[in-house]
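Hello,

Here is the structure you will be working with. Please open it first, then read my notes below.

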Amino acid sequence: MGALTGVASAQGDSGRAAAAKVDNPYSGAKVYVNPDWSAKAAAEPGGSKISNQPTGIWLDRIAAINGVNGAMGLRAHLDEALKQSGGSPTVVQLVVYDLPGRDCSALASNGELGPTEIDKYKTQFIDPIAAILSESKYANSSLRIVNTIEVDSLPNLVTNTGGKATATPECDTMKANGNYVKGVGYALNKLGAIGNVYNYIDAGHHGWIGWDDNFNPTAQVIKQAATAEGSTVDKVAGIITNTANFSALKENNFTINDSVNGTTVRQSKWVDWNRYVDELSYAQAFRQELVNVGFPSNIGALIDTSRNGWGGSARPTGPGAKTSVDTYVDGGRYDRRIHIGNWCNQSGAGLGERPKAAPASGIDAYVWMKPPGESDGASSEIPNDEGKGFDRMCDPTYTGNARNGYNMSGALANAPLSGHWFSAQFQELLKNAYPAL
């Protein structure tokens, strides 16, 4: 995986240099457990079964760097991680998430910076994060910092722009001004210059990028960003897929190559001509596509399995009936969403595979980058000072748009703002966990 090698020469306070970059930061390492999340999980009925799991720390606005609303700031997390490490290699998972004009196709996760505020993003968000990570106490330690770089950004430039039915004016703006590409390039360059930092670029999920007209173009946009603002492909350790999403890890009851009565499953309403039916096959193939367009051959992939288990009583035990491709796919698929474009607080979702290093070829780890129990967005409008809008995809009564085929949203009711604790969702995730708890 990780593309960089070599030993940092700077001597830290401890008198020892940072370790050389490793191929897979998760191999042979502990992963940091966030005490803030762990306490909320443990306070829930049954939550102690998973409260010791490592989850991502979302730096989703400038204030989060120093800590906001009683939550720990970045330094506090790094100090706690050093304690947890006991001197052993320990991964700290950060989600770097505050681009100008953020999440141009989803209002629930809009951010604080306007479309043109690229300089503010660089100087008030990325630079302070880089300064903290560069401090010798952290840079020359046993910590391995994994950054998930800007969820739901670059793929939007491919799928939600131009004359497409799925286009939004906001995404057209971000494509035209180039600030997603510049922002990601700047983050990769500044953060990737630090010896114990591993950058993983968000690469959407199979139900977004798995179509022929999205797949290679997204790889090209990621390459463009990885070589912008002084960055190089060597500052990218890999990609992450399914971040904060629900796509099943592996569908066992049907494959993309199956057909029913001579009709390919690609023609089913659910698959809809996609080339992939699950995240594992997509992540492996997209990783290879990045190698094909010029990334190092040893880049890796992470898959967020925090909410893609789809267990519980609704989980199919075998293939669907072969009456038609739709009965076959719909009867057998684990992913029970109404439409694969539904992304907000999905009803019926469950915890997926527990975090694990090197679980499959090309995959550096299964991770819980989205902390289970944190809302994707409010189900009705809630005034706030966090820059978060109201997205109808989080409203259970919404009948949909072009991006979800005009289907119901499938969202849970009574959800709080994105990132806020949502007890009912946490309970649903426990109940529908697969593997079961």
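Helices (H or I, at least four residues) and strands (E, at least two) are DSSP runs, numbered from the N terminus. This is a predicted model: local features need pLDDT of at least 70, side-chain atom pairs count only at pLDDT 80 or more, and totals for chains, interfaces and linings use all residues. Residues are numbered from 1 along each chain as its sequence is written, and side-chain values use heavy atoms, without hydrogens and water.

Asp103 sits in the loop between strand 3 (90-96) and helix 3 (118-134).

Is Asp103 buried or exposed? Buried means under 20% relative accessible area, exposed over 50%, partly exposed in between (1.4 Å probe, protein chains only). Asp103 is buried, at 2%. Leaving aside residues up to four places away in sequence, Asp103 touches Tyr97, Ser109, Asn110, Val151, Asp152 and Tyr180. Contact means heavy atoms within 4.5 Å.

Now helix 1 (residues 35-42). Its buried residues are Trp37, Ser38 and Ala41. They line one face of helix 1, because they fall within an arc of 100 degrees seen down its axis. The arc is that of the directions from the helix axis to the C-beta atoms. Helix 12 (423-431) is among the elements that cover these residues of helix 1.

Helix 11 (residues 325-332) buries Val325, Tyr328, Val329 and Gly332. These lie on the same side of helix 11, since their arc is only 85 degrees. Their cover includes strand 7 (259-260) and strand 8 (263-264).

Best wishes
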